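Subject: Structure handover

Hi there,

Here is the structure I promised to pass on. Could you load it before reading my notes below?

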Amino acid sequence: MDVSDNQFSHTFYWDEHYSQSDGSVPKHEWLRPFSALESFFAANLFALAGFTPVDNPLILHLGSGDSTIPVDLAARGYKRQLCVDFSPTAVKLMKDRHAEHGIEWRLMDVRDMKNLEDGSVDVAFDKSTLDAMIHGSPWSPPQEVKDNTAAYLAEVHRVLKDKGRFLCVTFRQPHFMKPLLNPEGLNWDVRLQVLRDGGSFDYYGYLIRKVVPNEEQ
């Protein structure tokens, strides 16, 4: 299926996708596994004051699917993790698969996370969830894409603490992504890192933070 297919933004596609899992291993580790992202996490999470395992930050995985990254982070000592996805099949699958790790999986649409309190999350992590909302012309995205991505980013902004971090990994070119990452009404500091691991194409990691008045960036 073409990556621009708008079915990616609907629950029925992902329920069907995850229903094919054998229940023991990921159906598909989207984009890149933990090993390829380790340097990105090292630069933006592991050794930073307030975000080390000793600091016990709350990490929110946005559209977590059946990725192993929450378990990989748990092995690094991160014990407070909440994984949300709008696929009931994926949520049940992961609860059953990893019940022993203490990670919480919750059914939730990232465009409307009304059950999460304002300013409650230390780190939000997205690996191609934003990508899945995007279809059509990258030069002039359909209104549905603009609405979905804006609603999603507004929710991430709302639940993130003032000193929190939004780590977003995508395969899409920066000149297409930056306008979507900066919808009207949000005040972000967006910093780009090109991620390379010897694959056939580059992909991109963003460190995104709220711009807090009187705080040095």
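Helices (H or I, at least four residues) and strands (E, at least two) are DSSP runs, numbered from the N terminus. This is a predicted model, where local features need pLDDT of at least 70, side-chain atom pairs count only at pLDDT 80 or more, and totals for chains, interfaces and linings use all residues. Residues are numbered from 1 along each chain as its sequence is written, and side-chain values use heavy atoms, with hydrogens and water left out.

First, the overall picture. The protein chain has seven helices and seven strands, and along the sequence they follow the pattern α-α-β-α-β-α-β-β-α-α-β-α-β-β. Of its 217 residues, 49% are buried (buried means under 20% relative accessible area, exposed over 50%, partly exposed in between, with a 1.4 Å probe and protein chains only). Taking contacts (heavy atoms within 4.5 Å) between residues at least 6 apart in sequence, 65% join residues at least 24 apart.

Next, two backbone angles to look at. Asn 56 is not a glycine, yet has a positive phi of about 55°. Asn 56 sits in the loop between helix H2 (34–46) and strand S1 (59–62) and is partly exposed, at 32% relative accessibility. Ser 128, also a residue other than glycine, has a positive phi near 75°. Ser 128 belongs to the loop between S4 and H5 and is buried, with a relative accessible area of 4%.

Gly 119 is in the loop between strand S3 (104–107) and strand S4 (121–127), and counts as partly exposed at 35% relative accessibility. Which residues does Gly 119 touch, not counting those up to four places away in sequence? They are Arg 158, Val 159, Leu 160 and Lys 161. The C-alpha atoms of Gly 119 and Lys 161 are separated by 4.1 Å, with the two residues 42 apart along the chain.

The loop between H5 and H6 holds Ile 134 and His 135. Ile 134 is buried at 7% relative accessibility, and His 135 is buried with a relative accessible area of 9%. The side chains of His 135 and Glu 144 are joined by a polar contact of 2.8 Å (a pair of N or O atoms within 3.5 Å; within protein, one must be able to donate a hydrogen and the other to accept it, and residues adjacent in sequence count only if both atoms are side-chain atoms). Ile 134 is twelve residues from Lys 146 in sequence, and their C-alpha atoms are 8.5 Å apart.

Now to helix H7 (residues 174–181), whose buried residues are Pro 174, Phe 176, Met 177, Leu 180 and Leu 181. Down the axis of H7 these fall within an arc of 155°, so they line one face of the helix (the arc is that of the directions from the helix axis to the C-beta atoms). Their cover includes helix H5 (129–132), helix H6 (143–159), strand S5 (160–170), strand S6 (188–195) and strand S7 (203–210).

Finally, the largest pocket. A pocket here is an open set of points on a 1 Å grid over the protein atoms alone, where a 1.4 Å probe fits, with protein on both sides within 12 Å along at least five of seven lines; lining residues have an atom within 4 Å of a point. Its lining has 13 residues, and Ile 134, Pro 138, Arg 172, Gln 173 and Phe 176 lie nearest the centre.

Best wishes
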